[in-house]
Amino acid sequence: MTQRSEIGSDGAEPRGGPVIDAGAELDPVHPVAPPVRHRPRGLSAAEVAERIARGEVNDVPVRSSRSTADIIRGNVFTRFNAIIGVLWVIMFFVAPFQDTLFGFVILANTGIGIIQELRAKKTLDGLAVIGEAKPTVRRDGASGEVSTSEIVLGDLIELGPGDKVVVDGEVAEADGLEVDESLLTGEADPVLKRRGDRMMSGSFVVAGGGAFTATKVGREAYAAQLAEEASRFTLVHSELRSGISTILKYVTWMMVPTALGLIVSQLVVKGDNVKDSIARTVGGIVPMIPEGLVLLTSVAFAIGVIRLGRKQCLVQELPAIEGLARVDVVCLDKTGTLTEGGMDVTELRTLDGCDEDYVRTALGALGESDPRPNASLQAIIEAYPDREEWRCTESLPFSSARKYSGAAFSEGDGQSSTWLLGAPDVLLPPGAPALREVDGLNELGLRVLLLARAAGELDDPDVAAGARPAALVVLEQRLRPDAADTLRYFEEQDVAAKVISGDNAVSVSAVAGKLGLPGAADTVDARKLPAERDAMADELAANAVFGRVTPQQKRDMVGALQSRGHTVAMTGDGVNDVLALKDADIGVSMGSGSEATKAVAQIVLLNNSFATLPSVVAEGRRVIGNITRVATLFLTKTVYSVLLAVLVVCAQVEYPFLPRHLTLLSTLTIGVPAFFLALAPNKERAQPHFVRRVMRYAIPGGIVAAGATFTTYLLARHHYSGPGALAAETSAATLTLFLVAMWVLAIVARPYTWWRVGLVASMGLAFLIVLMVPWLQDFFALRLVGTTMPWAAVAIAAVAAAVLEFAWRWVDRRFPA
């Protein structure tokens, strides 16, 4: 592999030596530098303008949200809105205004849903621009960052470790350029690229550097359509939304035959009054539809996105909020997650009598040889600036799998030397004297690199064999001030934290110990981990800290945890984390991380604050826990509405309710309370099997409510007679249904807080006001007649409440979630 060097705009040679032909000799590295060739200047300003005019630009849509038209269409044109819309129009012609209120509620719900999703879209799109990758493009000989959408056909795009290939192209320069195409091809091994080789969008650089010419941009690029489809607004694919869709499908199947039976029975029973028959039929159909449940789910997710957006957290795929709420294991990369990106050189220890000044010169030259230094090398560059005494002739870029980098130099006195810089336990054989010093430093939580002089040539596959240690470079990592509190939060929430790092195991253990991570003292060297998945899963279950983990092992460890039924989140910021981030249930990247990690992660912490993670977990738990809670309210209403309709059809009696009655009941026992409950704090970990968890409460609740209400209705039919009998019967039945529905609300609202008690009490007070204020009595056609039947209705509701308590506790024991 040859050192890539660039001529600066002033004509001077930059660090690393002369410009060389990167296409001639790439693998293996040759000790003799190839001939100097001209550095491509890229497109001129005029050529760029010409291509923009022709539309040859990278016009791929911004990921993160669906369009405004899609949001409006998705909220307006729903199956249940169509059903309710038709019923609403019918009611305008056959019933008073009070019986059309359900239609206005749907309009309000739809409007709220659209507004909240548009707010979420604005937040997402704004954050996406902040977190957007900025490729480096060379134009007119000068390099500069541009937006991905500003790349044009023929642009020369520069690459370095961690950079994502954003368009298709052809390699123009290559300096040990290794590209991971696993996200496209499934092939895990990096591909070495030579000049003229094809570059595919969606791949990323794992080692080396270079540049490529864009040959396909926009939707013509290999991965553009794939990426566009994968990164669309994906709320509908969450487990929660899938569960709701399943429920709605079954509701539709139940609703159609029940509604038809209700229509026929009411026309037969009330054959002399068609308008009243239609009104009561509609009153029976409308409450079967849990239309507010879909709205409330959308609103809850949208508000969650907005809340997280205010904390500089970009949710690239909305189900990530839900997924992170279900997480029970979080895998943390030490560097960049528990520690800050920067490092400081705290000590230089020479070995085997090496001259310190000579070692400093070698370190300075090594730093200058790499055009894209990582955090460790950047600290060395700052501590030991290059004296320009040595000239780099060849270089070996750092690789996460190799764990060292290297360079060959022509020294000022005409001598040549080859140096390696990397992990001491990789470059030295076991038992080497220097490793004892390294272990002592690692136990203090310090990071140690070994500078060694290679005995062979840089192109030798075993270049590290026989390397002579020259010095230990001791680096101190900066711990994130919020890391300890975040780890403590996960511990309190029963989320297991696993530190998985490529660094020395002892060093990782020391850092984890400083942060108070349970099990930090028992660190595992990943080189000793079994490759078999079950055995690896056993090791992961027994330990919390792992060092010397390769990128492929990180991926295998995520898979091993998932094989045991765990929901796994993976955090990281380096290119070595990409494969694991992709395979994890939830990938979390730092905003300062590589473009590759940000591209595959579902959540990007733009403020680079690890402390934001608890907020994301809490937001997810709030959304999922509360939607599960309020779904019980909506589906209990659906169950009792269907059963009441069936009972009415079987008994061949008039349907007891008009639409206005159920609009009032739904508003006070479901609509208003559900809105507040859906936005309330909730720290319970989200559980799977959403449909089963909801229906195991909704079915008994609906059965009890329907049975109690119909019992009251039948008793009232025998108690009342005369012209106003039906209105009195309806009022008694409404009282029972309201009280039972209120008890369902009281159960769902547990555990009680002052505001939950106040919410339930205020809904009861509102219904009492309707029963007491004359004009509200007339408006809702509710007037309790006499004392016997109203108190009988209360007594039946009290018995039903006791049955509900027993039934729900029995369900908890018989059908645990």
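Q: What share of the contacts in the protein chain with a separation of 6 or more comes from residues 24 or more positions apart?
A: Keep in mind that this is a predicted model. A contact here means heavy atoms within 4.5 Å. Counting the contacts with a separation of 6 or more, the part that joins residues 24 or more positions apart is 72%.

Q: How many helices and strands does the protein chain have?
A: Both kinds of element turn up in this chain. The tally is 27 helices and 21 strands.

Q: What percentage of the 817 residues count as buried?
A: To count as buried, a residue needs under 20% relative accessible area. Across the 817 residues of the protein chain, the share that makes it is 57%.

Q: How much of the accessible surface belongs to carbon and sulfur atoms?
A: Start with the total: the protein chain has about 32,600 Å² of accessible surface.

Q: Which helix gives the most to the nonpolar patch on the surface?
A: The patch is made of Val 89, Phe 92, Phe 93, Phe 97, Phe 104 and Leu 107, with about 640 Å² of accessible area together. Two helices, α3 (79-94) and α4 (101-130), each supply at least two of its residues. With 3 residues, the top contributor is α3.

Q: Is Phe 97 buried, partly exposed or exposed?
A: Phe 97 belongs to the nonpolar patch and sits in the loop between α3 and α4. Exposed would take over 50% relative accessible area, and buried would take under 20%. Phe 97 has 48%, so this residue is partly exposed.

Q: How many disulfides does a search of the whole structure find?
A: A disulfide is a covalent bond between the sulfur atoms of two cysteines. Cysteines are there to look at, including Cys 331, buried at 0% relative accessible area, and Cys 354, partly exposed at 28%. For a pair to count, the sulfur atoms must lie within 2.5 Å. Searching the whole structure, the number found is 0.

Q: Is Thr 709 buried or exposed?
A: Thr 709 lies in helix α23, which covers residues 690-719. Beyond its neighbours within four places in sequence, this threonine touches Leu 644, Phe 657, Ala 733, Thr 736 and Leu 737. Its relative accessibility is 0%, so Thr 709 is buried.

Q: How far apart in space are Thr 709 and Ile 796, C-alpha to C-alpha?
A: Along the sequence, Thr 709 and Ile 796 are 87 residues apart. In space, going from C-alpha to C-alpha, the separation is 8.3 Å.

Notes. Residues numbered from 1 in each chain as written. Predicted model: local features only at pLDDT ≥ 70, side-chain atom pairs only at ≥ 80, totals over all residues. Heavy atoms only, no water. Helix = DSSP H or I, 4+ residues; strand = E, 2+ residues; numbered from the N terminus. Buried < 20%, exposed > 50% of the residue type's maximum accessible area, 1.4 Å probe, protein only. Areas by Shrake-Rupley, 256 points an atom, 1.4 Å probe, with all protein chains shown as cover. Patch = residues over 30% accessible without salt bridge, like charges linked within 9 Å, V, L, I, M, F, W, Y side chains within 5 Å. Salt bridge = Lys/Arg side-chain N within 4 Å of Asp/Glu carboxyl O.
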